[in-house]
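Here is a short briefing on one protein chain. Look at the structure first, then work through the points below.

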Amino acid sequence: MLRIARLDDPSVLLLHIKGTRRSVMAGPINQARAKISKIFNGEPQSYTRFNLTQNVEGESSHVEVKLSGDGEEEMEGTEVGHRHPASTYTQRPQRRYRTLCYGALLILFIFLSGYLIGYVTHRKPEASKLPETGPAACTTAGQPEESKDEGDAAVDPEPSLDWSDITSMLRQKLSSSAFDDLLRNFAMDSHEAGSSGDESLANKVLYTFKSLNMNPWNDEHYVQLQMPSMTKPNKIVFGSEEIGQPKGYLAYSATGTKEGKVVYANFGQIEELKYLLTTGVDLSEKIVLMRTGQISLAEKVANAAKFNASAVLIYPEPPYDGFDTKTELYGHVHLGTGDPYTPGFPSFNHTQFPPAKSSGLPEILAQTITADMALRIHQKMGGNDAPENFKGNLKGISRYRLGGDGDTMTVTVNNVLVDTKIHNIFGVLNGFIDPDHYVVIGAQRDSFSKGYAKSTVGTCLLVELARAIAEMMKGGFRPKRSIVFASWSAGDYGSVGTTEWLEGYLSSLDKKAFTYISLDGVIQGRSKFRASASPLLYSLLKDTLKEVETLASEDRTLFQDFGKEDFEEILETMKMEDGAYPFLAFSGIPSISFRFVSDGQGYGYFGTPLDNKANLEIATEQRLGDFCVSAAQVAGQMALRLVHDHILRLDVTSYTRFIRKHMVMINNRVNQLKHAGTMSAPLSSKWLISAMGSYNRAADSVIDEILNSELEDREKCRTINNRIMRVEHNLLSQYVSPRDVPFRHIFFGTGDYTVSALTDHLRDLKEQVVGSDADLLRNQFALTTWTLQSCANDLAGDVWALDNEI
């Protein structure tokens, strides 16, 4: 029986607990345990009565528990006999004590449960992590301050801003005056890879990333870079007259001394060298003189080597009247990327490799000379007149000649290999839903000389974009995926820092990084816009250009200024010297580079000390800061779109059109070969066309699935995104080793396993060129077919959903 008793009732035992709420909750656990133990040891209870009254005189409360029974001895307060120190009570029948025990345990249980619930719900959220990209120090980078410091408020991972808000925030964060300040701070006269200047710039980038709470990290690589000898200069001699000892050089040239007749070969393109053969000019063991332009320095040397030349001399073509003809030229001639002495392997310290070198290293001498030295050589040359298209811009030459029998030259190259430590610097802004998927924005930091347009502008764009987006995250922007910012070293030696990093994480990067955006050489002029990209990024680039306003007028966009007539004119094939090329052709990661350029021959100062602020300001009509803002908006909005949307903005249907264009060309060549009758057995492109159809259907099925899916379903979006991310990587030929053939992409790579090699081989078989092989052609057909079909199968999704017609 439960009832309320009066305080002055003498027939009951009073248990008077008085005190504040704080004192009750803080009571010792061991005292409570002792009391409960005593209750269980008491006599049987008859009934229990509770008396609860509120003390109106203060904050404390009285809780009185009265136990009474018939025929039992009663005790009250301090007036009667046996009392325990902690409380006053009397033993009663066991049933009453058991009821009191259950009540006390219930109160204790409720208190502990409330405490635990409060503790759990008020814990601070853990930061997202970005694995597989560097040291563990980067795992908490990029979180907005409120998610770390305001422990009482949970972070909403869903974006709280729409796309127009995000683009508006980015515009507000970027200004030409900020870029002017950065350019002054980062400009250096000397910052060659591994030098003190390069290290100083690396520390500036590192400090900036630290100040933005991006938890930066550093990847060190030990690479072999070729440099001029400090004691033995390179030398050029015409007959008995020394032409000069150039300070400029071509890294990774063969070394030694070669003597031979000199031949002028214009730009050194294959067609031009073949023309020389038709005119009776034999290039074997000759020294070939070339001017810059059209193709890379490495391609010029590789082409000359195919015709058995012994050495190559390259001079800078003056881009305008008044060009300083004593300007030195620097570059490299490795037909590849990365450290050529660890092909396919990352150049980490203490890693043991067998003696090896890249197949892209030339076996012939290569050296740069000044335009003034080239002028003196041209003036001494005899032989037949060069064709009209071979004539350049050198002043003081009345006639360009191909070279005569008496034009003997001697070339000496004494370059040496130097073991060099380089640093790649990284910072990360973490995503809130899929932090392990990320876009990489990168820029080359080093240069042979001043490298203002080549590297300084890109480095400033990199750190300013990092600052702008970090501030946007503090202002409420919640990217779904992460953004990694990378500052590369040894870019002027052939994307060495970039490639070594890719080689170091070869097995994981294609599963994590879904796009690379290069900032190298983004501003070279003012009148045109050009881009090189994976077809997966064509639509994203086009949409971005339609959104970014020109600084001259808010009513016009970059697309209206540069791409309205024909967007296809903007697009160029990505070349090996492009900073984004290793990501695309080596790792199979969708990549893009873009640039503002001028009409005519272009900027023309790369690789020379004339790549400086003054000349770039002239090229941009003193609007360098404005073009920096436009370039930052293009790169920034592409990156933000990729980390903001539920589904990655990688257009798989763009590859459908790209593949179809190549298949049409191949099919035409096959038909031409059939009509020529030079194949002993018939050749059909049926299965290759069927594989193209499989890709088309797979791409369409992905689009249909996106349209019919609930995009708020994170797991569904992640599944679709994973399929889209693998498209580029699945176009790397799986039938060759990345060590032997590093650029395995069947559309953008090099070697016998590419679509371009297949197309050229069809032409050579038709013309019965020496070296063409019908069996090799069939092998190329089969491997290309199955590479494309495998890509289609993976894009289609689950195994049971495949259309396995082949």
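Which side chains meet in a salt bridge with an N to O distance of 3.1 Å? They are those of Arg-641 and Asp-645. Keep in mind that this is a predicted model.

**A buried pair and its network**
- Arg-641 has a relative accessible area of 14%, so it is buried.
- Asp-645 is buried too, because its relative accessibility is 13%.
- Shared partners tie salt bridges into one network of Asp-543, Glu-547, Arg-641, Asp-645 and Arg-649.

**Other salt bridges**
- Side chains of opposite charge can pair when their charged atoms come close.
- The count of salt bridges comes to 37.
- One of them joins Asp-372 to Lys-326, with the closest N and O atoms 3.7 Å apart.
- This pair links distant parts of the chain, 46 residues apart. Asp-372 sits in helix H10, and Lys-326 lies in the loop between strands S10 and S11.
- Asp-372 is partly exposed at 23% relative accessibility, whereas Lys-326 is exposed at 58%.
- Asp-561 bridges to Arg-556, and here the closest N and O atoms are 2.8 Å apart.
- Asp-561 is partly exposed at 36%, and Arg-556 is partly exposed at 35%.

- The axes of helices H6 (residues 176-186) and H18 (residues 624-644) come within 8 Å. They cross at roughly 105°.
- Angles of 65 to 115 degrees count as roughly perpendicular, so H6 is roughly perpendicular to H18.
- H6 makes the contact through Ser-176, Phe-179, Asp-180 and Leu-183. On H18, the contact residues include Leu-624, Val-629 and Ala-632.
- By class, this contact has six nonpolar, two polar and two charged residues.

Terms used: Residues numbered from 1 in each chain as written. Predicted model: local features only at pLDDT ≥ 70, side-chain atom pairs only at ≥ 80, totals over all residues. Heavy atoms only, no water. Axes fitted to C-alpha atoms, helices over the stretch in contact; angles between N-to-C directions. Helix = DSSP H or I, 4+ residues; strand = E, 2+ residues; numbered from the N terminus. Parallel < 35°, antiparallel > 145°, perpendicular 65-115°, else oblique. Contact = heavy atoms within 4.5 Å. Nonpolar A, V, L, I, M, F, W, Y, C, P; charged D, E, K, R; others polar. Salt bridge = Lys/Arg side-chain N within 4 Å of Asp/Glu carboxyl O. Buried < 20%, exposed > 50% of the residue type's maximum accessible area, 1.4 Å probe, protein only.
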